[in-house]
Amino acid sequence: MKVLLTPEVITLVDRELAAQPPERLMHVLGTVRPDGSLIVIEGLIDWEAEASSAHVRPSPEAENRIQRLERQQRLSYLGVIHSHPPSVPEPSHQDFVALQDLQRLNPHMLALLVGVVVQRNHSGSDPEPLHALKLDHGRLSLHGLTPANPHPRPVRVREAGDRPDFWQAAEQRVPDGSLRGLHGAHAVVIGAGSVGSNIAEHLVRAGVPRLTLVDDEVVEPVNLTRTVYDYRDVGRKKTSALRDHLVAINPDLQVTLVDDRLGASTASTFRHVLSDASIAIGAADDNLAMGVLDVLLHECGLPGVFAAVYKGAAGGDIVTVVPGVTACWRCTVGPRQQGTLLPALDYGTGRLEGEIALGVDIATIAVLAARTVLGVFCTMADSDRFLERPLVERRTFVQVGLTPGFYGDTGLFADTPAQHAWQSTWVSSLGDPDCPECGATAVKQVEVAEPKHWARAKLGLARGRSQLRNLLTRKKRRSRGVSEPGAQGHAVSIR
Ligand SMILES: [Zn+2]
Ligand SMILES: [Zn+2]
């Protein structure tokens, strides 16, 4: 865990705690960033706090101010910093007990802190440990705990630089709910070409803290017309060039590179790559790879978003797959592949030919796909309603027309007034009862339309990925013929 203190908070801690007699207490508020780091933005001295060996309770007056800051500045309560006599520079056992008590009272918090300030020790000039910060009049030692690590541990504490960092910028412009939905998010992007590189960039700018980039190609001059690469990248591996581009946007971004191609022979490697992901994005110009990804998603119980552009970017489509809830990718795009929209295959490799198209048109599909990915994250964290209804209704096949008359051959929109290009249709994908991936969740259209099924499925989506994982295990057990009482009435089931 990493903790930053603003210069104003450091001055306050120094003036109000380090420069004063010991046994004073300050409540601290700030925010938790999507990458799990904390920034302390406000400190409130509490003269009347009730501090016993087992708990710390803010005084009624401090409680009011804390609530006001939480409401008006969207800050979160992060714990306490208090001062000890110089002989006790670290938290006591009671401090840790009180911290655990704070967590019991604030179970929604992703992290809580306890800090100890002592006056300057003049005896030595030893460097401070990572969990300590030198103050003008003393030192601050910080410990923290998270729901995953409920035993307090030393945390790295540093001063927030004068230049605002990426997360501070995100907090000012990215909606609060979205940032919450992205906490700890890890997106695996398969394909760092025109669609994948644009999706990756938008995910990073929106606050996704962790990415894995998968591609085995190098940047070529033709890529410059439609990707995020520039001339300096030509000849470099796409993965490392993309990482450098993204880290230049957010230096705290965690990036893993996989210079390999997803296919039947590399499936086991990718099973490992996907094992701690929160979502996978299929953006490779390779339908074979997308088919393997579809199977792996269902094995791992991982949601996925697939994006494709076709017919010289006359249109594109975005497919969202949530195993156990929606149809699989293959059942969704199967009809398209048999129809006229299948792009030309590069003979011998099975990969799609690069088409002549404008970068802006490709980027349009990529942006919509990135929005869909963010929608999946936020739906699972129950912090955004954008994608919830289509997911629950299984309208997971989004077709986007980028040219006028794209839907002309089907007659859709042909005679609709006030229509031109950039239409989208959200088509129900019901799955195939015989499909090994999505057969167990295949539904009849009439069932989807029943509101009571929406309500049940909505509840399930909000419970997030672990719930979806459980459902998947359940599905596998059922398919092996083990009956499970009550499975029909499970909250996520929309059968
Ligand atoms: Zn103490
Ligand atoms: Zn299927």
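Angles under 35 degrees count as roughly parallel, over 145 as roughly antiparallel, 65 to 115 as roughly perpendicular and the rest as oblique. The model is predicted: local features need pLDDT of at least 70, side-chain atom pairs count only at pLDDT 80 or more, and totals for chains, interfaces and linings use all residues. Residues are numbered from 1 along each chain as its sequence is written, while chains are lettered from A and ligands numbered from 1 in the order in which they are written.

**Whole chain.** Colour by secondary structure. The chain has 15 helices and 19 strands (DSSP runs numbered from the N terminus: helices are H or I with at least four residues, strands E with at least two).

**Helix pair.** Select 194-206, helix H6, and 238-249, helix H7. They pack at about 20°, axes 10 Å apart (axes are lines fitted to C-alpha atoms, for helices over the stretch in contact; angles run from 0 to 180 degrees between N-to-C directions). H6 and H7 are therefore roughly parallel to each other. Now show side chains. Ser-197, Ala-200, Glu-201, Val-204 and Arg-205 of H6 meet Leu-242, Leu-246 and Ile-249 of H7 (contact: C-beta atoms, placed from the backbone, within 7 Å).

**The sheet.** Next, select the eight strands of the open, mixed sheet, in the order E14-E13-E12-E15-E16-E17-E18-E19 (strands pair if DSSP finds at least two bridges between them). Its edges are E14 (254-258) and E19 (423-427), each pairing on one side only. Neighbouring strands are turned by 15° on average, direction ignored.

Zoom in on E16 (304-310) and E17 (315-321). They run antiparallel, joined by seven bridges. Gly-304 stands opposite Val-321 in E17.

**Helices on the sheet.** H11 touches E12, E15, E16, E17 and E18 (397-401), and its direction makes about 170° with that of E16.

**Cores.** Show the largest nonpolar core, of 84 residues (buried Ala, Val, Leu, Ile, Met, Phe, Trp, Tyr and Cys joined through C-beta atoms within 7 Å; buried means 20 or more other C-beta atoms within 10 Å of the residue's own, with C-beta atoms placed from the backbone). Ala-187, Val-189 and Ile-190 are among those with the most contacts inside it. H11 gives the largest share, 12 residues. Centre on Ile-190: its contacts beyond four places in sequence include Val-214, Leu-262, Ile-281 and Leu-293.

Last stop: another core lies apart, with 47 residues, including Ile-10, Met-26, Ile-81 and Ala-132.

Technical notes: Contact = placed C-beta atoms within 7 Å. Buried ≥ 20, exposed ≤ 12 C-beta atoms within 10 Å, placed from the backbone.
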